[in-house]
Amino acid sequence: MSRRHSVNRPPTPDRDGAERVKEPTLIDIVNIKLTESGEKERLMELVRERLVECGWKDEMRSLCRAFVKNNGRDNVTVDDLVRAITPKGRASIPDSVKAELLQKIRTFLVSVAH
Amino acid sequence: MSLPKVDDIHTNSELISEVFNQLLDSIIVDVASECHRITKLGLDRNLDEEEEELRLFAEARARSSDPSHSGESNSKYVVDMFGQTHPPIASEIFNCMNCGRSIMAGRFAPHLEKCMGKGRKARQKSTRAAQNQNSKGSTVSNRLSNGGSANAGHEYSNGTYEEA
């Protein structure tokens with residue numbers, strides 16, 4: 001009797017029950033290339049500098065201080081602060097800074113695609 | 001932090017945006033972490049006092065430059081950090097180095113204008129002569145220059161000026 005394979009059978013889990021390792025995604029590959037080439041660090045420095053210049057960092061810091069004032073110094077965690085400033089932080093990036101960054105990322109992608 | 005839905009990233013521009021967002025998130029975490037540290041270590045004690053001082057200073061300045069006050073009135077007395085006040089118009093008197101007259105410091109700039117060239121009486125002779133040469137029509141220029149300056153010399157009809 002020939003064995004019939006079950007068509008919809010889920011993949012066999014590893015012996016120790018761990019999940020299968022996923023293939024690296026496109027974004028993972030890009031991140032690895034960014035880090036290996038040093039471009040990620042350069043971009044981070046650039047963004048930090050621009051955001052300090054335009055006062056974005058000061059805005060975020062005053063948001064954090066306000067949050068601490070309202071919630072008490074001892075109750076605040078890093079996650080709390082991150083959650084508190086992320087919406088405003090993402091929204092208040094100046095367009096020029098964003099454009100500059102996107103351009104640099106695009107250039108990098110083009111250069112590694114070859 | 002929200003992770004990207006990796007199945008959604010197909011196009012280049014989505015990829016670029018995703019890289020940008022991840023960079024931004026990292027920086028936001030950095031800032032939050034820094035503020036958290038400052039808060040927990042109590043290093044922000046002085047910050048509140050500095051902010052208070054800045055605010056008081058800004059208020060004092062706003063009060064002194066209130067548009068409801070007239071320009072040169074006494075309302076512009078702002079107290080500086082030594083407790084001194086200064087009148088709005090500088091009142092020290094000194095001698096003008098051009099003409100030698102005693103002038104009030106607050107009126108020095110307008111005085112210099114008249115003293116050094118803007119006023120008609122102060123124009124130098126050579127400038128006057130050049131203007132006479134350049135003006136059109138002899139009689140018209142004669143009349144103009146006669147009205148504007150004390151001519152010591154004769155003026156010829158063709159407009160040239162000659163000292164006697």
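In which helix is the place of B:Asp25? B:Asp25 is found in helix α1 of chain B. The model discussed here is a predicted one. The points below begin with this residue and proceed to the interface, the nonpolar core and the remaining salt bridges.

**B:Asp25 and its partner**

- The side chains of B:Asp25 and A:Arg90 form a salt bridge, with an N to O distance of 2.9 Å.
- This pair crosses between chains: B:Asp25 belongs to helix α1 (residues 12-41) of chain B, and A:Arg90 belongs to helix α4 of chain A.
- The two side chains are also in polar contact, again at 2.9 Å.
- Is B:Asp25 buried or exposed? B:Asp25 counts as buried because its relative accessibility is 10%, and the limit for buried is under 20%.
- A:Arg90, by contrast, is partly exposed, with a relative accessible area of 36%.

**The interface between chain B and chain A**

- In this interface, 32 residues of chain B are in contact with 39 residues of chain A.
- About 3200 Å² of area is buried between the two chains, and carbon and sulfur atoms give 73% of that area.
- How many salt bridges does the rule find across the interface of chain B and chain A? It finds four salt bridges there.
- A further contact of this kind joins A:Lys57 to B:Glu34, whose closest N and O atoms are 3.2 Å apart.
- Between chain B and chain A, nine residue pairs are counted as being in polar contact.
- On the side of chain B that touches chain A, α1 and α2 (45-64) of chain B each supply at least two residues.
- The most is given by α1(B), with 23 residues on that side.
- Sorted by class, the side of chain B that touches chain A comprises 16 nonpolar, seven polar and nine charged residues.

**The largest nonpolar core**

- The largest nonpolar core has 34 residues, and those touching the most other members are A:Leu51, A:Trp56, A:Leu101 and A:Ile105.
- Both chains take part in this core: α1 (26-37), α2 (39-53), α3 (56-71), α4 and α5 (95-113) of chain A, together with α1 of chain B, each supply at least two residues.
- Which helix provides the largest share of this core? The largest share comes from α1(B), with 11 residues.
- Leaving aside residues up to four places away in sequence, A:Ile105 touches A:Leu43 and also B:Ile16, B:Val19, B:Phe20 and B:Leu23.

- A:Leu46 is part of helix α2 of chain A.
- With a relative accessible area of 15%, A:Leu46 is buried.
- The residues that A:Leu46 touches are A:Glu100, A:Leu101 and A:Lys104, when residues up to four places away in sequence are not counted.
- A:Leu46 and A:Val97 are 51 residues apart in sequence, while their C-alpha atoms are 9.4 Å apart in space.

**Salt bridges within chain A**

- Over all chains, the count of salt bridges comes to 12.
- One of them joins A:Arg83 and A:Asp80, with the closest N and O atoms 3.7 Å apart.
- Why are A:Arg83 and A:Asp80 separated by about one helical turn? They are so separated because they lie three residues apart in helix α4 (residues 78-91) of chain A.
- A:Arg83 counts as exposed, at 58% relative accessibility, whereas A:Asp80 is partly exposed, with a relative accessible area of 21%.
- Another salt bridge joins A:Glu49 and A:Arg50, with the closest N and O atoms 4.0 Å apart.
- Both of these residues are partly exposed: the relative accessible area is 44% for A:Glu49 and 23% for A:Arg50.
- Which residues are linked in a network of salt bridges with A:Glu49 and A:Arg50? A:Glu53 and A:Glu100 are the residues linked with them in this network.

Conventions:
Residues are numbered from 1 along each chain as its sequence is written. Chains are lettered from A and ligands numbered from 1 in the order in which they are written. This is a predicted model: local features need pLDDT of at least 70, side-chain atom pairs count only at pLDDT 80 or more; totals for chains, interfaces and linings use all residues. Side-chain values use heavy atoms; hydrogens and water are left out. Buried means under 20% relative accessible area, exposed over 50%, partly exposed in between (1.4 Å probe, protein chains only). Helices (H or I, at least four residues) and strands (E, at least two) are DSSP runs, numbered from the N terminus. Contact means heavy atoms within 4.5 Å. Buried area is the accessible area (1.4 Å probe) that two parts lose on being put together, summed over both. A polar contact is a pair of N or O atoms within 3.5 Å; within protein, one must be able to donate a hydrogen and the other to accept it, and residues adjacent in sequence count only if both atoms are side-chain atoms. Ala, Val, Leu, Ile, Met, Phe, Trp, Tyr, Cys and Pro count as nonpolar, Asp, Glu, Lys and Arg as charged, and the others, Gly among them, as polar. A nonpolar core is a set of buried Ala, Val, Leu, Ile, Met, Phe, Trp, Tyr and Cys residues joined through side-chain atoms within 4.5 Å.
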